[in-house]
Structure formats: structure tokens, C-alpha cells
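Visitor: Please show me the structure. Then take me through its helices, contacts and core.

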Amino acid sequence: MSEYPAFLFGKSRFDQNTFFGRFRHFLDVIDPSTLFVTEKRLQECVELLDRFKQGTLPPGVTNAQLWQAQKIKQAIIHPDTGEKIFMPFRMSGFIPFGTPVVVGLLLPNQTLTSTIFWQWLNQSHNACVNFSNRNASKPAPVSKFVQGYLGAVTSAVSIAVGLNVLIQKASHFSPTTRLMVQRFIPFPAVASANVCNVVLMRHSELSEGISVLDNNGNVVGTSKVAARHALLETALTRVVLPMPILVLPPMIMAALEKLPLLQRQRRLILPVHSLVCLAAFGLALPLAISLFPQMSEISVNQLEPEIAMATDCKIVTYNKGL
């Protein structure tokens with residue numbers, strides 16, 4: 001099989017029915033090189049894809065050019081709104097803009113103030129990413145975003161501070177054990193807050209429903225059942241996502257800090273810590289979002305009766321969001 005198969009508009013060039021296919025697809029989605037695409041280049045990609053749909057492609061255009069154009073468009077433009085996603089909140093910007101926050105979350109000897117600050121910053125970034133990459137087939141007022149943001153940040157800070165206070169009061173822990181446990185506190189705090197964040201930032205989908213599409217990409221109706229599936233799948237990815245990011249670095253750093261080099265050169269600890277976090281983040285993000293395809297399928301028998309009556313398709317699709 002060639003690296004670039006025959007181009008299919010709106011489809012992935014990798015098999016979305018397998019985890020490995022989705023993993024390769026999302027490596028394209030999170031490719032940070034798309035952050036540097038110029039406005040001119042973006043418009044060229046959009047125009048090329050429009051000409052493909054109209055059947056007016058100029059001679060000599062290759063499948064590779066079409067796939068690359070679609071990759072760039074999908075990385076920058078929201079599939080439902082057709083608008084550009086602000087750079088720090090694109091999935092391709094999640095690692096570059098999120099890594100400094102992860103480093104801050106995992107700094108040892110956190111004070112109450114620093115814990116609150118880093119949890120607030122992390123959940124603020126997550127809230128904006130969740131909102132920017134939501135299913136936007138139905139409009140949602142800004143007030144819904146504000147309510148969700150306040151709830152998500154409050155839950156994250158409360159959980160993290162509560163766990164920190166419990167550890168501080170655990171007097172039977174030795175200082176070394178307490179430091180190690182404190183390093184792992186961010187994971188349960190972030191994982192539980194991430195779920196709250198997704199649900200609160202996208203809860204309007206549950207009440208309004210999301211669009212479901214037939215085999216030709218036509219909207220056949222709005223489904224609250226599909227919305228529940230979309231939020232559940234996204235919430236599960238947000239539980240898996242922080243596992244490697246917040247669990248592996250503390251374990252790796254505990255071993256590395258015993259090395260003679262880092263014992264002598266303590267100023268190297270923060271740069272090494274940052275590199276370890278970057279590597280863990282780069283591994284965790286594509287693994288987590290590859291658990292489910294972005295365009296998920298569901299049987300019409302599982303949906304509302306009016307959906308089944310509106311189409312002859314047995315299986316319909318919906319945009320899960322990222």
C-alpha cells in the first residue's frame with residue numbers, strides 16, 4: 001500500500017476501525033508544524049479542497065498534496081463552525097502550550113498558593129481546549145461556557161487542595177514518602193477535574209443534542225443519546241490522558257535525581273524534568289485521543305425513534321469532538 005492512497009474528502013487516510021490507524025491519524029492532528037501554517041497557505045489548502053469537491057482540480061495535483069491540504073485544514077478549522085481555532089487551543093497546540101503547565105503541576109514542595117495557581121492554569125487551558133474542539137453543530141451561549149469554566153476550575157482546585165491538606169496532616173509519613181506522595185497528587189486531582197471539565201464545558205450538548213449524519217454526510221436529525229455517547233467517550237480520554245503525563249515523570253525523576261550528575265548539578269533538574277514531561281505528554285496525547293474515532297458510529301436502533309424514521313441507514317455518525 002502506498003503512503004498516500006487515493007484521496008477521500010473528509011475521510012482519514014488511515015483505517016479508523018483500528019487503534020493503530022487512529023493513532024497514526026491523530027499524530028497528524030497534533031502535528032505542531034501546522035501551528036506555523038500561514039494564512040495564505042491555509043487559503044490555498046481550502047481552495048484546493050473546494051476545487052476537488054467541484055471536480056475542477058488543475059492537472060498534476062497529487063494525492064499527497066490533497067491529503068496534506070486536508071490535514072492542514074482539519075488542524076486549524078473547526079469542522080462544525082468552519083472558523084479558525086485559536087492557536088493555543090488547537091489539538092496541535094496542546095503539547096507545546098500545555099507542557100509548561102504540566103511541569104508546574106509536578107514541581108516538588110508545592111505551597112497552597114502554587115497548587116491553586118497551577119491547577120487553575122491547567123483547567124483554564126483544558127476548558128478552552130474542550131470548548132474550542134467541542135461538537136458545535138448546535139450553538140451554545142457564552143453564559144454556558146462561563147458556567148462550565150467556573151465549575152471545572154472550582155472542582156480541580158478543591159480536589160487538589162483537599163488532597164494536599166490530607167497529606168500535610170498525615171504525620172506518620174516520613175518526609176521522603178510525603179514528598180513522593182505529593183508528586184502523585186496531581187493525577188487524581190487532574191483526572192477527576194478533567195471529567196468535570198468536559199461535562200461542564202459541553203453540558204449544553206446533553207440538553208440540546210448533537211447532529212447525526214447519514215452515509216453521505218447529510219444531517220438526519222439531532223440526538224441527545226449520541227451526545228451522551230460523545231461526552232462519555234471524550235471524558236474517558238481525559239482520564240487516560242494524564243496517566244502517563246502525571247505518573248511517569250515523578251517515577252522517572254525520582255530515579256534520575258539519584259544520579260551523580262544531577263546530585264552535583266542541581267540546576268539541571270528543572271530542564272531534565274521539563275524534557276521528561278514533554279516526552280510523556282507527546283506519548284500520552286495521541287494514545288488517549290486514539291481510543292475512539294473522532295467521527296464515531298452508532299446504530300440507529302440505539303437512538304431516538306425519530307432518527308430511525310428519518311433515514312434508511314442502519315448506522316449513523318456523529319462528531320465526538322476532541
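Guide: Helices (H or I, at least four residues) and strands (E, at least two) are DSSP runs, numbered from the N terminus. This is a predicted model: local features need pLDDT of at least 70, side-chain atom pairs count only at pLDDT 80 or more, and totals for chains, interfaces and linings use all residues. Residues are numbered from 1 along each chain as its sequence is written, and side-chain values use heavy atoms, with hydrogens and water left out.

Visitor: Is Asn-122 buried or exposed?
Guide: Asn-122 lies in helix α5. Buried means under 20% relative accessible area, exposed over 50%, partly exposed in between (1.4 Å probe, protein chains only). Asn-122 has 8% relative accessibility, so it counts as buried.

Visitor: Which residues does Asn-122 touch, leaving out those up to four places away in sequence?
Guide: Contact means heavy atoms within 4.5 Å. With residues up to four places away in sequence not counted, the partners of Asn-122 are Val-101, Leu-105 and Val-190.

Visitor: How are α1 and α13 oriented to each other?
Guide: Axes are lines fitted to C-alpha atoms, for helices over the stretch in contact, and angles run from 0 to 180 degrees between N-to-C directions. Helix α1 (residues 19–29) and helix α13 (residues 269–289) pack at about 125 degrees, with axes 8 Å apart. Angles under 35 degrees count as roughly parallel, over 145 as roughly antiparallel, 65 to 115 as roughly perpendicular and the rest as oblique. α1 and α13 are therefore oblique.

Visitor: How do the residues of the contact of α1 with α13 divide?
Guide: α1 gives Phe-19, Phe-23, Phe-26 and Leu-27, and α13 gives Pro-286, Leu-287 and Ile-289. Ala, Val, Leu, Ile, Met, Phe, Trp, Tyr, Cys and Pro count as nonpolar, Asp, Glu, Lys and Arg as charged, and the others, Gly among them, as polar. The division is no polar, no charged and 7 nonpolar.

Visitor: What separates the C-alpha atoms of Phe-19 and Leu-287?
Guide: Phe-19 is found in helix α1. Phe-19 touches Leu-287, Ser-290 and Leu-291, not counting residues up to four places away in sequence. Phe-19 and Leu-287 are 268 residues apart along the chain, yet their C-alpha separation is 8.8 Å.

Visitor: Which residues have the most contacts inside the largest nonpolar core?
Guide: A nonpolar core is a set of buried Ala, Val, Leu, Ile, Met, Phe, Trp, Tyr and Cys residues joined through side-chain atoms within 4.5 Å. The largest has 28 residues, and those with the most contacts inside it are Met-91, Leu-241, Phe-281 and Leu-285.
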